[in-house]
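Dear colleague,

I am passing on the structure that we talked about, and my notes on it follow below. Please read them with the model open beside you.

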Amino acid sequence: MIKAEWFYWLVGGIFLVMAAQMLTDRSNPKRLGTAAFWGLLGLGFVYSTWVVDKSAPPEPLGVAVLVMVCLAGFGFTGRGEARTTTPEQRAESARRLGGKLFVPALAIPAVALVCAVGVKKLSLGGEPVLQKGSETILGLGIGSLVALAVGMVMLRERRITVPVHAGRSMLETMGWAMLLPQLLATLGTIFSVAGVGDQVRRITTAVLPDGSVLIAVVVYCAGMFLFTVIMGNGFAAFPVMTAAVGWPVLVEQAHGNASAVLAIGMLAGFCGTLVTPMAANYNVVPAALLELKDQYGPIKAQLPTAVALLGCNIVIMAAFAF
């Protein structure tokens, strides 16, 4: 049986290899902090195995996260000179391969789908080939390896060090922002456990006038929008605002359609995703990868659309959810 932990170990190993490369890269003036940041992340992937089976304490992981936050927050991470081809060479390669360049990228979801739907049903000796419940994540891992192999064959590249160096350069370009969605999703769970939603509910129920469904709808949608802007993740904002306003006020008191209220509330939260740098994977990483002069360019371009969609969601919820 192929276990999900093997995939996590592979990811951790890749981070550790890249951290070693960063440590020896003298073109990066912040190579020590950069190597420490990604090295701690790699060790976390490996160490977490023993935390999950309760054979090791979780506290070192928390310490590692705090150290990583300090390294990134105080500017101890940076990037070196990328080992890559010239723009002319890349343009020539693009002209030669054309649409075939998309084949490795499309191989990842294709293999993941096959694993999640087809390989999921296969078994050897009475044991499933893929660990039960982890078929999708394993499919993504296997798909990535297949895509790597396909890409190397297409580009006639025989040295594994080339994609490793290219991946390391992309990792340094994205930087700490790549981890922000995971950290913010965890923050949403912490808020829920800490009872933030209950406190917001007490405040809103004390302020909202009785029987005013429209105002409650505006508060819920605007709250989803603002909490998503703060936390960078609509899924992190959802349990807070739903526990505060969505369920107790709009569903239980106003007898709204639960599916409609909660679905439209999520869409209102996604409007906040468009206008916050905290949603790094949407708004910060693309600007860095495309080397835009204005790192907030995507946010500025998306702001009018986000505001218009928020208004539409408020109108749709008020008109059709009750």
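Asp25, Arg168 and Glu172 are linked in a network of salt bridges, a salt bridge being a side-chain nitrogen of Lys or Arg within 4 Å of a carboxyl oxygen of Asp or Glu. Please bear in mind that this is a predicted model, in which local features need pLDDT of at least 70 and side-chain atom pairs count only at pLDDT 80 or more, while totals for chains, interfaces and linings use all residues. Residues are numbered from 1 along each chain as its sequence is written, and side-chain values use heavy atoms, with hydrogens and water left out.

Glu92 and Arg95 form one with closest N and O atoms 3.0 Å apart, and both residues lie in helix α4 (residues 87-97), three residues apart, or about one turn of the helix. Glu92 is partly exposed at 43% relative accessibility, whereas Arg95 is exposed at 60%. The side chains of Glu157 and Arg159 meet in another, at 3.3 Å from N to O; Glu157 counts as partly exposed at 22%, and Arg159 is exposed at 52%.

Turning to helix packing, the axes of α11 (residues 234-253) and α12 (residues 258-273) come within 10 Å and cross at roughly 140°, the axes being lines fitted to C-alpha atoms over the stretch in contact, with angles running from 0 to 180 degrees between N-to-C directions. That angle makes α11 oblique to α12, because angles under 35 degrees count as roughly parallel, over 145 as roughly antiparallel, 65 to 115 as roughly perpendicular and the rest as oblique.

Finally, Trp9, which lies in helix α1 (residues 4-23), is partly exposed at 37% relative accessibility.

Terms used. Helix = DSSP H or I, 4+ residues; strand = E, 2+ residues; numbered from the N terminus. Buried < 20%, exposed > 50% of the residue type's maximum accessible area, 1.4 Å probe, protein only.
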